[in-house]
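This report concerns one protein model and the surroundings of a single residue in it. The sequence and coordinates are shown first.

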Amino acid sequence: MVHPAVATDGERGAAYMHVESTYHYDEKPTYTTTSGYPIDDPKKYQRVGNGPLLLQDFHLIDLLANFDRERIPERVVHAKGAGAYGEFELTHDISDLTTIDMLTGPIGKKTPLLTRFSTVGGEKGSADTARDPRGFATKFYTQEGNWDWVFNNTPVFFLRDPTNFPTFIHTQKRNPQTNLKDATMFWDYLSTHQESVHQVMTLFSDRGTPASFRKMHGYSGHTYKFTKPDGSFVYVQIHLKSDQGVATFTNEEAGEKNGSNPDWLTQDLFEAIDRGDNPSWTTYLQVMTPEQAEKFRYNVFDLTKVWPQGEFPLRPFGRMTLNRNAQNYFAEIEQAAFAPSNLVPGAEPSADPVLQSRLFSYADTHRHRLGGNFHQIPVNTPIRSYNPFVRDGQMNVNGNLGANPNYQSSYRPLTYKPNGLGTASHEKWTGEATWAVFGDVTDLDFEQPAGLWKVLGKQPGQQDNFVHNVAGHLSGAKKDTRERTYGMFSRVDAGLGKRIKEATEKEVAGK
Ligand code: NDP
């Protein structure tokens, strides 16, 4: 089987069809049942005279039974998405920071990849233009395994305690009684968990409604570690800056597109790549030593905080280009399984509790959604992998490693390659087992949102749009929730809280 990320045009069909001759458009395939029985007329079905149908009509039963099973569980979050293949190119020497295979070697070294963009809260059929963060997930098929960057288009997130994640997501989805989106639920959560305000500031700026997947940035959000075999490490944050620039919709433009073309961002990405207008992103690192992290004003494991770029400048290291559409959306994009636990030697998670919980949750989602052998689906398969202890299970389709021993056999010994883990202690953790939370929201949590309010002030019309975007949404919430939310924005900036109150109450009065 040819790997879909590296297949040539001629080979690509074979990756998905065991019977290659039925794939190519220019051939005239012979129609059969799934078992290969030729059928002379697909419209025909068996019945007795003008009476009931016959159970022995395998062709009809085969069709209906497979149709009934076409849907798989959609992702609970990030259900609606679009993606494409491409390549990463190393553009700068960063060997002082890392020994990661993909990021070392000659400048110009290339690694194939697949990227999937998505909204977060909506269902699989929901509008691309909804106000929402965007998922920006990339799977790099490196020589030392798949490395997944499961990023967003925002540098922070709504929460820093992983236990809040299911609760928070519920409030952004549908009311359990009405099955409607519910502004009171939405703002009730945010105003009672005010550590969310930094992300709320981003979400309700016009960057919450991107006009194109090609024209938005990506951020690791979490702190990661680049480790070296000698035991040293640095903390990093990864940024992907769109070479197309940033383009956003206003609230009204996004609302119009929700109705006139809810798949606009999907269409825009596909058509751009189809005409050879390949989007690219320049990739940057912010770097912090463990010693700097100890003295840093903010906790580097707090997902609601950024690292100021003046203090931790962006250092370029590569370029990511998307240059090829998938042949089959379901096989290659819907079934793509990204997980932050897919790491490579030299890249490690930090102790950010939300990242730690995602290390479990993403792969677990794929086991549920796609089955335990999801890693055998071609788009999820590493270019090179060999684990004879992982065997059997449903939908085992890769030959199950044949007659190879399924234990550490002296008759066919395995070879082992050093990966840097265990050769040195990168971090030392000591202490008693505790029940932890990040703790109360303090004035510190409002500093960076206030910084973003100032950033918006430097872009013409953006503060006005922000107030307008919040007011339109918040006006749907109950009074006490609205009042609490005004208080939250006042802690960012007193003038902002006042403006949001006035604009929101005007909307309420006009309803
Ligand atoms: P700078 O003042 O050096 O730069 C401002 C940053 O804000 C740029 O990265 C810019 O992106 C980005 N930005 C502009 N408009 C928006 C928006 N509507 N939503 C989100 N980001 C936007 O950044 P500092 O590091 O000094 O931080 C100032 C504030 O900027 C922070 O409080 C934070 O809210 C925000 N920010 C910081 C980031 C970081 O990693 N430090 C990343 C993104 C935002 P662009 O490249 O398009 O100009």
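The model is predicted: local features require pLDDT of at least 70 and side-chain atom pairs pLDDT 80 or more, while totals for chains, interfaces and linings use all residues. Residues are numbered from 1 along each chain as its sequence is written, and side-chain values use heavy atoms, with hydrogens and water left out.

**Thr 98 and its loop**

Thr 98 lies in the loop between β1 (81-90) and β2 (110-119); strands are DSSP runs (E, at least two residues), numbered from the N terminus. Thr 98 is buried, with a relative accessible area of 0%, where buried means under 20% relative accessible area with a 1.4 Å probe and protein chains only. A polar atom of the Thr 98 side chain is 2.9 Å from the backbone nitrogen of Ile 100. Although Ala 347 is 249 residues away along the chain, its C-alpha atom is separated from that of Thr 98 by 8.5 Å. Leaving out residues up to four places away in sequence, Thr 98 touches Leu 103, Thr 104, Phe 226 and Lys 228; contact means heavy atoms within 4.5 Å.

**The nonpolar cores**

Leu 103 is in turn in contact with residues including Phe 88, Trp 147, Phe 226 and Phe 317. Leu 103 is also among the residues with the most contacts inside the largest nonpolar core, which has 36 residues. Such a core is a set of buried Ala, Val, Leu, Ile, Met, Phe, Trp, Tyr and Cys residues joined through side-chain atoms within 4.5 Å. A second, separate core of 35 residues includes Phe 157, Ala 450, Leu 474 and Phe 489.

| Partner of β6 | Bridges | Direction |
|---|---|---|
| β7 (residues 233-242) | 4 bridges | antiparallel |
| β10 (residues 347-349) | 3 bridges | antiparallel |

Phe 226 has Val 234 in β7 as its bridge partner, and Tyr 224 stands opposite Pro 349 in β10. The hairpin of β6 and β7 has 5 residues between the strands, and Gly 231 there adopts a positive phi near 95°.

Definitions and conventions. Buried means under 20% relative accessible area, exposed over 50%, partly exposed in between (1.4 Å probe, protein chains only). A polar contact is a pair of N or O atoms within 3.5 Å; within protein, one must be able to donate a hydrogen and the other to accept it, and residues adjacent in sequence count only if both atoms are side-chain atoms. Two strands pair if DSSP finds at least two bridges between them.
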